[in-house]
Amino acid sequence: MKKVGFTTTIPVEVIIAGNCLPVDLNNIFITSKNPYTYIEKAEEDGLPRNTCSWIKGIYAAVMNKSVDEVIGVVEGDCSNTHALMEIFRDNGISVLSFAYPYGEKEKHGFLKQQIENLMLHFDIDWMMLEKTISKIDTIREKLMLLDKLTVEGYVSGLENHLWLVSSTDFNSDYIKFEKELKQFLDEVKKRKRKDAKIRLGFIGVPTIFSDIYQFVEERDCAVVFNEVQRQFSIPYLEYDYIERFVRYTYPYDITYRLTDIKKEIVNREIDGIIHYVQSFCYRQIQDVIFKKELDIPIITIEGNDPESIDARTKIRLESFIEMLIGKKM
Ligand code: SF4
């Protein structure tokens with residue numbers, strides 16, 4: 001089966017309906033035995049040191065021939081993707097583009113056109129796509145349940161992060177993914193509810209740190225919200241397929257994300273927010289708006305390489321947690 005890599009969340013059902021294997025290139029990088037070798041490869045090949053590590057990871061995943069073809073999201077994700085696509089084309093790699101409608105463009109019609117362009121490429125029609133959508137919807141329903149169980153204290157923030165972040169490509173095997181997810185949810189049913197003193201939310205791109213969830217959850221905190229990972233799981237099953245990607249907040253103006261975050265802070269009774277930012281990422285600038293617009297304590301944590309959190313970050317997180325506990329008492 002042809003392996004189709006992509007740079008961020010896309011309507012993955014199109015790839016599955018086209019009888020190909022979806023591969024989120026970020027996941028190849030971060031779940032590899034030694035992600036640092038991906039960064040080294042990218043830098044050895046000439047990518048600037050001050051490029052985001054996720055971009056270096058995607059670059060190396062493609063150049064290591066992990067996939068047969070690449071779909072680059074050229075609007076609504078990351079401006080670095082443009083240059084990355086140019087390098088891939090220059091190396092003879094088959095590249096397609098997908099775009100989310102940024103700005104004032106009419107979203108539904110624009111997305112319909114983008115999805116139909118992909119469908120043409122994978123030689124499928126709407127009937128074939130609808131069949132795949134109903135199969136995948138049962139997985140998306142389970143992921144929504146898992147998220148609900150996280151809020152209720154039965155699933156940890158780390159587990160929530162891992163499952164939701166994998167929903168971009170279902171680990172390239174949606175049947176196995178659904179089976180394992182079902183087993184996990186069955187096991188969760190036997191757990192006792194865990195109450196923590198402090199309820200935290202993560203906003204921003206998924207963290208590159210390997211142990212930040214463990215660190216905060218060992219300190220009487222529960223991470224009950226993973227903003228972007230939840231968006232990756234497209235939790236909008238009540239809408240038609242195209243509308244779900246209109247509601248998906250990540251690719252659009254920050255106001256869509258803010259509305260979602262504010263609603264979830266209230267619904268999930270969140271005490272504090274960890275805004276994770278990636279070194280050399282333009283999204284770091286949005287921190288200014290989050291700090292102004294969100295009415296609860298926020299700490300901004302920056303990561304660069306795939307590694308454990310450093311001592312300074314640990315101290316900052318501990319102080320933040322102590323402050324939240326003090327405030328709550
Ligand atoms: S973290 Fe930022 S710079 Fe890096 S790939 Fe994502 S959007 Fe691009």
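**Before you start**

The model is predicted, so local features are reported at pLDDT of at least 70 and side-chain atom pairs at pLDDT 80 or more, while totals for chains, interfaces and linings use all residues. Residue numbers start from 1 along each chain as its sequence is written. Helices (H or I, at least four residues) and strands (E, at least two) are DSSP runs numbered from the N terminus.

**Stop 1: the sheet with E1**

Select E2, E1, E3 and E4, which form an open sheet in that order with parallel pairing. Two strands count as paired if DSSP finds at least two bridges between them. The edges are strand E2 (21-24) and E4, each pairing on one side only. From one strand to the next, the twist averages 30 degrees; angles run from 0 to 180 degrees between N-to-C directions, and axes are lines fitted to C-alpha atoms, for helices over the stretch in contact. Now pick strand E1 (residues 3-6) and strand E3 (residues 69-75): three bridges join them. Phe6 has Ile71 in E3 as its bridge partner.

**Stop 2: helix H6**

Next, select residues 107-121, which are helix H6. Its 15 residues reach 21 Å from first C-alpha to last, close to the 21 Å expected at 1.5 Å a residue; the expected span is 1.5 Å times one less than the number of residues.

Which residues of H6 are buried? They are Leu111, Gln114, Ile115 and Leu118, where buried means 20 or more other C-beta atoms within 10 Å of the residue's own, exposed means 12 or fewer, and partly exposed lies in between, with C-beta atoms placed from the backbone. Just after H6, Asp123 has a positive phi of about 55 degrees.

**Stop 3**

Strand E5 (residues 198-203) is joined to E6 by five bridges, and Leu200 stands opposite Val223 in E6.

Stay here and select Gly272, in strand E7 (residues 272-278). Is Gly272 buried or exposed? Gly272 counts as buried because it has 22 C-beta neighbours inside 10 Å. Leaving aside residues up to four places away in sequence, Gly272 touches Ile198, Leu200, Ile296, Pro297, Phe320 and Leu324; contact means C-beta atoms, placed from the backbone, within 7 Å.

**Stop 3: His161**

Move to His161 in helix H8 (residues 157-165). His161 counts as buried because 21 C-beta neighbours lie inside 10 Å. Beyond residues up to four places away in sequence, His161 touches Pro206, Tyr213, Asn226 and Gln229.

**Stop 4: H3 and H4**

Finish with helix H3 (residues 35-44) and helix H4 (residues 53-63), which pack at an angle of about 85 degrees with axes 8 Å apart. That makes H3 roughly perpendicular to H4, on a scale where under 35 degrees is roughly parallel, over 145 roughly antiparallel, 65 to 115 roughly perpendicular and the rest oblique. Among the contact residues are Tyr38 and Ile39 of H3 and Tyr59 and Met63 of H4.

Methods:
Contact = placed C-beta atoms within 7 Å.
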